[in-house]
Amino acid sequence: MMAEAGLAALWLAAAMALLQLIGGMTLLRGGAGQLVPLIKPAAYVQGALCAFAFLALMWLFYVTDLSVLLVASNSHIDKPLIFKLAGTWGNHEGSMLLWVSVLSVSGAAIALLEKRIESKTLNAALAVQAFIALGFFAFLLFASNPFERLVPAPIEGNGLNPLLQDVGLAFHPPTLYFGYVGLSIAFSFAVGALLTNQVGPAFARAMRPWVLAAWIFLTIGITAGSYWAYYELGWGGWWFWDPVENASLLPWLAATALLHSVSVLATRNALRAWTIMLALVAFAMSMAGTFLVRSGILTSVHAFAVDPERGAFILALMLIYTSLAFVIFALRIGSVKQGEPFQLISREGGIVANNIFLSVILAVVLIGTLYPLAAEAMGDKISVGPPYFNKATVPIAVLLMLALLIGPMLRWRRDDLKRLKYWLIGGAAILLWSGIAVWKFAPDVGLFPLLGIALSLALAVAAWLPLRGRKLLRTPLPMFGMVIAHFGIAVSVFGMAAESGFSSETLTALAPGESAEIAGWQVKLDDVNPVVGDNWVAIEGELQAVKNGSAFVLRPQSRQFYRPEMQTSEAALLTRWNGQLYAVIAQPDQEGDGRWQVRLWWKPFVPFIWYGGMLIAVGGIIALLGRMFRRAKKPAKNKWQTT
């Protein structure tokens, strides 16, 4: 009965969303009828019902109820428990139920916690949230029912995609969904403020924590997903510009620009129209990501759905939401006041430059991702791969880094670069010195790795300069968060540049007792043994890696899964302070002479990519905590700046 209870909860939650939407429409038409006071209670009930529905599905996966089609298709009686539970969202229907559950619970949280904005605008935002939720309820109830029964029930189940049978599945998709849905909150606030003519600092202060939380989750999700793909797929790369990878990058780029813009509006009453537009674009990108991953239009290890009809449903939702929002933007933005003016050379000007560069990168990635799909729909087969993305985005990223070096040092409203002449001279000296040092060490290094290392070193210093002259104990936490996040960008860029400029790779065939050399490492194949797991068998190589008298053991595997049948590579990683040795073993050499195919990479400083990503997220968390503490100390104010 648990499946039926979960399905009934979904229907009731959809009814609550409809009630919430009708109440909001009544309010916006100038009414004050009996439905308006029900908007918040409807949001609470909707959130509770969706949470119950998702927990019901998780329970069905926990007990492996094979009479449910989704469980039978994506689980197995012998699968480890963690993958049974994570399998709840490791499929199309379950992931969409998680999406709408997070959306509904977030709406309930807004209704419960948001006390600082005018009630009419809050109710309008909740109505927009309900409108978004209704589309996804319709999708789940009519096109992707996660509780559909299967008669007769199978004995074992099909199992989960082996590429998803990793601990990364437990936290990578949920963090991305939290980020996507967080952007829906920003979208709802933006549309609600437009509908009620309340675009101003108070609206921005209400929206900022939700944008920051969404950005944190997206940062964690992208960082975790990059590392998961890096060690799981066995090809040695941390980013391949896969369309589904791009689907998570696009909303992150928009959210990064939005985060800077909403902070300016909240504190300096500027960039009003820019903030609204970025909120709409960020949610549009999250919807585009949802469409790409779950429409069946892409063939990718990341994609779940293969049903074009359901893809058309998601595409229709995306077009309805974004087109209506931009129509409202076009009709109402003319009534929004300009806000406080500022000079080009100012902190606001630096943030505008930052947002322009981020927007250009977003446009480049979006075009490169969607153009092959559009061309294929017209009968042409076109592939857009890493060469396009690298050549198109890296020069803009270099300009973005240069803006990031200077922007945090500028004053608000107006400034003079002469005031920063000593820092500008010093920064140029760091860039020049580090560039010459890298070129002396490796004269054959490419231009962009050289620039990346030089810029990352300069930014690593510049990131801490905003703390200069401050009393650290009195410095607000958001300032520390900004500094740490910017330093994390420097760390990540350093890792990216070093890995792309200095990586070594070798592919060899070794018999037990034979060795290969890579970047000063002597790697010997000691033995190859069979290994049995919970739902797989494997051959495991025992490699001894020696350098400078230190010896380490690596054990890469080539696994064969059953239910479903698939062969995967499990890389072995040896992490040192200056890089990572990456080893993969494959099947025996075709000549049948007892040799095994072994691929080795030495990747200098590659872990810095993920160390930096974690620092960026930590900086965001510190900033969010600072905002929450400050908000808790200050009493709620009823001041609301209108247009």
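## A walk through the model

Start by selecting G221: this residue is buried, with a relative accessible area of 0% (buried means under 20%, exposed over 50%, partly exposed in between, using a 1.4 Å probe and protein chains only). Before moving on, know that this is a predicted model, where local features need pLDDT of at least 70, side-chain atom pairs count only at pLDDT 80 or more, and totals for chains, interfaces and linings use all residues. Residues are numbered from 1 along each chain as its sequence is written, and side-chain values use heavy atoms, leaving out hydrogens and water.

G221 sits in helix α8, residues 201–232 (helices are DSSP runs of H or I with at least four residues, strands are E runs with at least two, both numbered from the N terminus). Now show what G221 touches: H172, T175 and L176, leaving aside residues up to four places away in sequence (contact means heavy atoms within 4.5 Å).

**Next stop: two helices.** Select α13 (386–406) and α15 (447–462), whose axes come within 10 Å and cross at roughly 20° (axes are lines fitted to C-alpha atoms, for helices over the stretch in contact, and angles run from 0 to 180 degrees between N-to-C directions). They are therefore roughly parallel to each other (that takes an angle under 35 degrees; over 145 is roughly antiparallel, 65 to 115 roughly perpendicular and the rest oblique). Colour the contact residues, including V394 and M401 of α13 and F448 and L455 of α15.

**Then the sheet.** Pick out four strands in the order β1-β10-β9-β8, which form an open antiparallel sheet (two strands pair if DSSP finds at least two bridges between them). β1 (504–510) and β8 (572–576) are at the edges with a single partner strand each, so one side of each has no neighbour in the sheet. From one strand to the next, the twist averages 15°. Zoom in on β1 and β10 (596–604), joined by seven bridges; E505 has W601 in β10 as its bridge partner. Helix α16 (477–502) lies across β1 and β10, at about 130° to β10.

**Last, some loops.** Between α6 and α7 you'll find P152, joined to V151 by a cis peptide bond with omega about -5°. Go on to N197, in the loop between α7 and α8: not a glycine, yet its phi is positive, about 55°. N197 is partly exposed at 31%. Finish at L271, between α9 and α10, which has a positive phi of about 65° and counts as buried at 11%.
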